[in-house]
Amino acid sequence: MAGGSARGGGNCPPLFTTEKPTRTAAYAYRLFASTVLAGVLLVWLYRATQLPPRSSSARARRWAWLGLSVAELWFGLYWLLTLSVRWSPVYRRTFPGRLAQRYQEEQLPMVDVFVCTADPTLEPPMLVISTVLSVMAYDYPAEKLNIYLSDDAGSIITLYALYEASEFAKYWIPFCKKYQVEPRSPAAYFAKISAPPDACDRKEWFALKELHKDLTDRVNSVVNSGKIPEVSKCEPRGFYQWSENTSFTDHPSMVQILIDGNKRKATAVDGNALPTLVYMAREKRPQEHHHFKAGSLNALIRVSSVISNSPVIMNVDCDMYSNNSGSIRDALGFFLDEEQGQDIAFVQYPQNFENVVQNDIYGNPINIVNELDHPCLDGWGGMCYYGTGCFHRREALGGRIYSLDYKEDWTRVVRKTEDVRELEGMAESLVTCTYEHNTLWGIEKGVRYGCPLEDVITGLQIQCRGWRSVYHNPARKGFLGMAPTSLGQILVQHKRWTEGFLQISLSKHSPFVLGHRKIRLGLQMGYSVCGFWALNSFPTLYYVTIPALCFLNGISLFPEVSNPWFLPFAYVVMATYSCSLVESLQCSDTVVEWWNAQRMWLFRRITSYLLAAIDTIRGILGISESGFALTAKVSDLQALDRYKKGMMEFGSFSTMFVIIAAVALLNLTCLMFGVARVLLHEESTNLGAMFLQVVLCALTVAINFPVYEALFLRKDSGRLPASVSLVSLCIVLPLCILPISL
Ligand SMILES: O=c1ccn([C@@H]2O[C@H](COP(=O)(O)OP(=O)(O)O[C@H]3O[C@H](CO)[C@@H](O)[C@H](O)[C@H]3O)[C@@H](O)[C@H]2O)c(=O)[nH]1
Ligand SMILES: [Mn+2]
């Protein structure tokens, strides 16, 4: 590392620094990239100059060739885009010690934390309150901390669980602070640590563990029975507000201040203050669009504006607990730095997953993205907003345009009234269904509506208003979330993201249109790497089907090994794949993880990306509207067991699985019959003539091994169902039997 950012004048040291890789490393990478570029150009040249002539005998070959040329043109262009996320990474480091020296505790800004949940069945209340407790226990003055839970289901069970959490917090928070506990999600802590650490008082530790077990049992029994106990303790007014006919999709707005940090009686067992804790369910009516998570975040922004109105807002998904109690002070290092912090709108932490196992079959660890891609976006001045694990400046999120003369007032406090009931009523009136009608909410204010990637488009919009954002990836992970662990869920999740990205890229909010002259070219390209995920689908599907079919029919599409044109093909493939493997290993992935990630990359391209592209086109034509399919956070025990053993989870019929099975079967058939044909009817040297096609086909077969297993060998309920095999066979057989005329 070299070149920590310089700091002019003043004698106070910076609250954060920015480091870049050494120049040698940067130049070496650029040199390597230019050799690959030369290879890509030669491949293009070969396709353009060696096009088979127009003759009736080689019609099929000519068409297949043209298709490949388009695919290779796209891959080359896309690779150029991806250079932007390798070009100039920056790494940030903060100095919480300096922050503490410079700011007294009472000078620190107030912080609002938003947690979103949407469905008590898919997102179990215990999971939600563990996340809430983890953020309540931040190492930060409790009077300055306000936690808001948005419950889109308006479920009394979630409110009950939160009430229980508020009681448990009175013991948990003092315990965390006394013994510097990490992580501060009680569920994660007691799952990780089975015996009291030396520093802890044994009796106290066991008592707390017991208390947590009671809490879990109580909440889970309420979840199972669906009824909250009739205890007089449950005094919060909200419990009586529920009537028989409130439902997930039809309920009034409810705001409940469970702990009012302002009141001195709200104290923990050690007599210290507790953070404010608020439950919110915005009004929902079947006939009114609620805009999914974006809608609840905007509701939270408004509700918090009358209760605490903190200048800093942090938001997490309900399944992503805080794993580092120092994150708030860390993030403040960016905002409060007198010289470099003025224009920082948000500080995004990476997404890390707690539930993934070593050598995860779905390639879930996104180390490369976290350690290479994001630092590069940051290097261009604009890490994207991810929707979770992000600290925002309220003003920027609210729609303010950055200007040089803007000065933040970090110490402002706004509490409209001291009467809690009145405050709740005031807040409720801000989250009715009709409140946003004819306002700029969802357009210019708050989180944007109408896109399945509300977060990314919101972040881009903020950057286009002149703000900057930074990426912070400290050694102790800031947050740990849950990754889906079944293939279907992952593909559906990726479809939502891909669709969102493509919608952004094709709209007037694309980084090139909205960001024109507002953000740097590198950042525009960086956004487009994900922005154009979807467009990889058609060329990839083409690449894993047509060359295989042509091989089966003896049509050669690539230069022979002895042909000099073979070299650029071989070089581009070898160079890019070795580079990707080395990067993975550098980012502490294993070889198996890399290989699994390659498989997922193929699967996503031919399913999620393909369907996302099709749905986006349908959306543009006005045929369909995109939704938000919630990602499940619980999986059944058998499936979980299979996941741990590295078995892919299929199980049910889906179009996506049909495509995967069809591609796998097609390549297997073409490889077997193609090789047999050459060996039986021709000289085996002819295999050399089609070397690259054989390699492509064989690699596709090799990577699809889990699919064959799920088709033919497995007996468990996660295998590919017979219906999928049948439909895919019906697709593959005609393709393989029909002779393609030479
Ligand atoms: O109508 C809704 C739908 C979702 N959510 C919440 O949104 C969060 C994310 O939903 P999840 O089903 O977990 O989706 P993921 O695919 O895991 O979410 C990723 O992708 C989303 C964008 O597609 C981002 O908003 C998320 O932050 C990011 O983690 C959860 O806390 C939900 O409770 C709501 O509050 N209301
Ligand atoms: Mn999630």
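Reply: The cover over the buried residues of helix H14 includes H9, strand S9 (344-348), helix H12 (394-397), strand S11 (468-471), H15 and helix H16 (521-531). Helices (H or I, at least four residues) and strands (E, at least two) are DSSP runs numbered from the N terminus, and residues are in contact if their C-beta atoms, placed from the backbone, lie within 7 Å. The model is predicted, so local features need pLDDT of at least 70 and side-chain atom pairs count only at pLDDT 80 or more, whereas totals for chains, interfaces and linings use all residues. Residues are numbered from 1 along each chain as its sequence is written, while chains are lettered from A and ligands numbered from 1 in the order in which they are written.

Buried here means 20 or more other C-beta atoms within 10 Å of the residue's own, exposed means 12 or fewer, and partly exposed lies in between, with C-beta atoms placed from the backbone. The buried set is Glu 454, Asp 455, Val 456, Ile 457, Thr 458, Gly 459, Leu 460, Gln 461, Ile 462 and Gln 463. Just after the helix, Gly 466 takes a positive phi of about 100 degrees.

Lys 293 touches Glu 454, along with Cys 116 and Phe 628, when residues up to four places away in sequence are not counted. Lys 293 lies in helix H9 and is buried, with 22 other C-beta atoms within 10 Å.

In the unreviewed UniProt entry, the annotation "binding site" covers Lys 293 and Asp 317. UniProt positions follow the numbering used here, feature names are shortened, and annotations may be inferred rather than shown by experiment. Asp 317 is in strand S7 (residues 312-317) and counts as buried, with 25 C-beta neighbours inside 10 Å. Its contacts, leaving aside neighbours within four places in sequence, are Cys 116, Thr 388 and Gly 481.

Ligand 1 has 22 residues around it, the closest being Cys 116, Phe 292, Asp 317, Gly 387 and Thr 631. Strand S3 (111-117), helix H9 (292-307) and helix H15 (487-506) each give two or more residues to this shell. A residue belongs to it if its C-beta atom, placed from the backbone, lies within 6 Å of the ligand. By class the shell has 9 nonpolar, 7 polar and 6 charged residues; Ala, Val, Leu, Ile, Met, Phe, Trp, Tyr, Cys and Pro count as nonpolar, Asp, Glu, Lys and Arg as charged, and the others, Gly among them, as polar.

Some backbone details follow. Most residues other than glycine have a negative phi, and most peptide bonds are trans. His 291, not a glycine, has a positive phi of about 60 degrees. His 291 sits in the loop between strand S6 (276-281) and H9, and counts as buried, with 21 C-beta neighbours inside 10 Å. Ser 588 likewise has a positive phi of about 60 degrees without being a glycine. Ser 588 is in the loop between helix H19 (566-586) and helix H20 (591-606), and is exposed, with 10 other C-beta atoms within 10 Å. A cis peptide bond, with omega about -10 degrees, joins Glu 182 and Pro 183. Pro 183 belongs to the loop between H5 and helix H6 (186-192).

H5 (residues 156-179) also packs against helix H4 (residues 125-136), at an angle of about 40 degrees and with the axes 9 Å apart. On the H4 side the contact is made by Pro 125, Val 128, Ile 129, Val 132, Leu 133 and Met 136, and on the H5 side by residues including Phe 168 and Trp 172. These contact residues divide into 14 nonpolar, 1 polar and no charged. Axes are lines fitted to C-alpha atoms, for helices over the stretch in contact, and angles run from 0 to 180 degrees between N-to-C directions.

Finally, the unreviewed UniProt entry gives the annotation "transmembrane region" to several stretches, including 650-675 and 687-708. Residues 650-675 are 81% helix and 0% strand, with end C-alpha atoms 30 Å apart. For residues 687-708 the values are 91% helix, 0% strand and 25 Å.

Conventions
Two residues are in contact if their C-beta atoms, placed from the backbone, lie within 7 Å.
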